[in-house]
Amino acid sequence: MSIAQPRHRAFLAYLLLNANRVVTPDQVMEAMWGGAEPTSARSQIHVAVSVLRRALREQGLSGVIVTTPGGYRLTLAGDELDADIFDRHVEAARVSARGGDHEEAAHRLRAALRLWRGQALADITAAYAQPARQQLHERRLAAQELLFDAELTLGHHDTLIPELGRLVEEHPLRERLTCQLMLAQHRAGLHTDALRTARRMRDLLAEELGLDPGARFSELEKAILNADPALNLDLAAVTAPASSAKGAPAQLPFDVQGFSGRERELGELTKIADASGRPPAVLVIGTAGVGKTALAVHWAHRNRDRFPDGQLYVNLRGFDADRAPMEPSDALRRFLRSLGVDSAAVPEDVDEAAALFRSHLSRRRVLIVLDNARSADQLRPLLPGSASCAVLVTSRNQLRGLVIHEGAGLLQLDPLTEAEANDLLYAALADRADGGGDSGDSGDSGDSGDSGDSGDTAVGQLARQCAYLPLALRLAAAQLAYHRHLTVADYARQLTVGDALSVLDESSDLNGVVGSTFGLSYRALTPAAQRLFRLLSLPPGQDFTPVVAAALLGVTLVEARRPLEELCTVHLISEHRPGRYVMHDLLRSYATTTFVNNEPEPGRNAAARRLVDFYAETVFEAYSLLQPRRVEGARDVMYPPLESLRFTDRASALAWHDQERENLAGVIDIAAKHAWHRCAWQLTNDLFAYFIIRRRWPDWLAALRIGAFSAERSGDLEAMAYMENALGVVHKQIGKYDAARAHYGRAIELAAAAGRSRMVASFNVNIGGLYINEGELEAGVRHLQTALAIPEYGQNPQYAATAYVNLGCALIEMEKYTDAAEVLHRALEFAGIVNDVQQACYSHHNLAEIALRQGDRGTSRQHAESQLRLSQEIGDPLRTAGALDSLASALAQDDLAAARTHWRAAHKIYQDLDHRLATVLEEWLRTLDVMSDPAELAGADEARRRLCRRLI
């Protein structure tokens, strides 16, 4: 597109710089003429708009420039403006760099910088042009500096020197570029050149600005002068694959027992996985019941040794009739937690989370199985960026976008061949007395059954009736194995009758066969097993345990075992992990229909309530193991479970919550939809203890939204206050302080209106802690003192310990150490009375800090050791790392070697948690290598600890 008039080009450029924003005529005049506009300025703008619209229309871009009541807006999509694409690449690179994937960061930054072609706004002379040009140039330079950082980390210093040299010549006073050039020269062995670069920078700053260089420059110059080994590149760190903090994940479901056939398809999968270049990915597509998941899982088990860094698996629920497809953000959170990322460190933005996922997979050899995918958009964030990983995707849809744009291999899975289907049946029926034949009589007469059918004919007929579909074949084989009186021929004849209960798409012969198989299998069950099959459509998660089956039936675990085993035997459910059972999504749809058609509404509601009450009671009973305080008041339980879970320790309670997290969120939703609002908000509130430990904020926030809805619907002010307070906690933890303050404020108002003074005090403590975090110490102290002045709170050790800990923190920051120590000893005393180990840890940590600031290393060591013992006792890694850090600081003056050991151990824990303090400790450990003066060490360590207190 050619715009002849310079003024029109300038106007178009201004609109592009302000794309998707309204610009007023006054803004345009100021931008174009800088306050010296001619009298014809407004008419010139109208002419320019007309010219530009005509030129854009000629390029097929009608309606791009829109006239609004306030002015003009140029409307573009997110991928139509290079500047927006540039910014997205740079932000993704920052996320990758923070996650340690410098290769991905460099790739993103190179893509961003390729968008630049010459100088921005090169021929624009309007008043706005020079400031805008400078701003764009600064963005480009910042991206180049980020790229150089990534390249230096990757060991590419030799190739960087010419480009860095050129840029330093163009920008001789830019310290960061000069430091990067110095470091590259030093690592390339050009030590004299590096020092010459530094000297030139010093001279220029002194001559032109009369300034000395910054601290970073001076430290680097000193390190180069001293040939500091810390400047050398750690090649092992660059090339070694990252290792999972919690061990390699092994998430594959159990392999299919008696897997048969598919040798060609298994070989094709191996061929694709062996391909080089792009990350090997293969899409396995086919109709429902054709065995896509079985093939993918079988191949994964057969090849798991090729992926020593782990195997990730998720059912994306793309075709589940009762549950929505899984969001990519939910799958990313699962995967990142499995790779050792702390839940609180997983970004909310799906693109950022995807970048972090790719970073953690960089240089790892991991197999990812993405089962039951709905769309390519659902999959893209879950794809690795590393060619060392392999991806298996299963779907009923073609997902052409994945093949065309992502380069995935395609494997169309058809029903088994006739020979494979027969082999599967023969293997499954091998132990039948009739050997798979059609005669069930024990006499010696030769004319029973159909005289024309041999065993082979009956098996072949059954295979054909099952349309050679593995799911139907396995169900048929399971029925014949369980009902040994039934002949193969009789079963095959029953399939020809069809099944009125089929819930599948009758337009598909294949699906009709599967539905018919379901019907025969269901009707052959005992009444107890039929009922359990129907009820198993209720659990909202991907799997369930035997005790859940007992709760659904309203019986004991012993009584539930027989129908559960019957369903397993006939393959209507399967054990995909030890003690956890799963149902195929087609079977689940069938179970839902039979549930609605065969279970009266009162029975349906009672079963749903038994499920909700089981989870509510179990969470309530586990609460005291996770946190000493709990919500008062009677529980809203209609059906106390006959088989309750009781946990012996904190670890087992946490493990159960981890496994049941999806079911827990789902039953809250079930309770709300049935208008069991008191139960819904109570269960939500009782999960506070779990989520505050695991820090899975997005999951809890989703549950809290439902809980808050139910609390409001119940009209219970106390319930609404609890939900608002919990929302405040979540928003504080994710750094949204304004929202947290608003939620805390509403919680206080609601608690006051409900006449609950103890709750008013508790919520004042929370908002006080928020103010302290924000540095508003006096406001924070006022809220804490308000809370402690309320007798029901301040005189109750169960609650007041928290307030005294927060008050102690504020007084430390105000440097009132004597007062701080007094209130923290009070907190420690109260925590001991009620066995609140968490608050005891906090108290010891802060008392250790006071002792350090007062120079009493012995007392500090005692408190740090007490905190370490307690934090290890409750299995709290964050508190353990804090204790190790405090202990190291107490020892550093007398035994620096022991202190280093503790700091390294703390650093490892922070790394495992993906906590931001890992970076602080990493830099601190490097600083120790060049610091020898004890007084300097003590001062630097105190400054570091002050920073850590703000970041924890």
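## Exercises on salt bridges and a surface patch

The side chains of Arg746 and Glu724 meet in a salt bridge, with 3.3 Å from N to O. The model is a predicted one.

**Exercise 1.** State which helices Arg746 and Glu724 lie in, and classify each residue as buried, partly exposed or exposed.

*Solution.* 
- Step 1: Arg746 belongs to helix α33 (residues 737–753), and Glu724 belongs to helix α32 (residues 717–733).
- Step 2: The two residues are 22 residues apart, and the pair links distant parts of the chain.
- Step 3: Buried means under 20% relative accessible area, and exposed means over 50%.
- Step 4: Glu724 has 15% relative accessibility, so Glu724 counts as buried.
- Step 5: Arg746 has 36% relative accessibility, so Arg746 counts as partly exposed.

**Exercise 2.** Describe the salt bridge between Glu263 and Arg302, and classify both residues by accessibility.

*Solution.* 
- Step 1: The side chains of Glu263 and Arg302 form a salt bridge at 3.7 Å, N to O.
- Step 2: Glu263 sits in helix α12 (residues 263–273) and Arg302 in helix α13 (residues 292–302), 39 residues apart.
- Step 3: The relative accessibility of Glu263 is 51%, so Glu263 counts as exposed.
- Step 4: The relative accessible area of Arg302 is 48%, so Arg302 is partly exposed.

**Exercise 3.** Find which parts of the chain the pair Arg944 and Asp885 ties together, and name the network that includes both residues.

*Solution.* 
- Step 1: A salt bridge joins the side chains of Arg944 and Asp885 at 2.8 Å, N to O.
- Step 2: Arg944 is in helix α44 (residues 934–951) and Asp885 is in helix α41 (residues 877–891), so the pair ties together parts that are 59 residues apart in sequence.
- Step 3: Both Arg944 and Asp885 are buried.
- Step 4: Through salt bridges that share partners, Glu849, Arg853, Asp885, Asp941, Arg944 and Arg945 are joined into one network.

**Exercise 4.** Give the count of salt bridges, using the cut-off of 4 Å between a side-chain nitrogen of Lys or Arg and a carboxyl oxygen of Asp or Glu.

*Solution.* 
- Step 1: Side chains of opposite charge can pair when their charged atoms come close.
- Step 2: With this cut-off, the count comes to 42 salt bridges.

Conventions:
Residues are numbered from 1 along each chain as its sequence is written. This is a predicted model: local features need pLDDT of at least 70, side-chain atom pairs count only at pLDDT 80 or more; totals for chains, interfaces and linings use all residues. Side-chain values use heavy atoms; hydrogens and water are left out. Helices (H or I, at least four residues) and strands (E, at least two) are DSSP runs, numbered from the N terminus. Buried means under 20% relative accessible area, exposed over 50%, partly exposed in between (1.4 Å probe, protein chains only).
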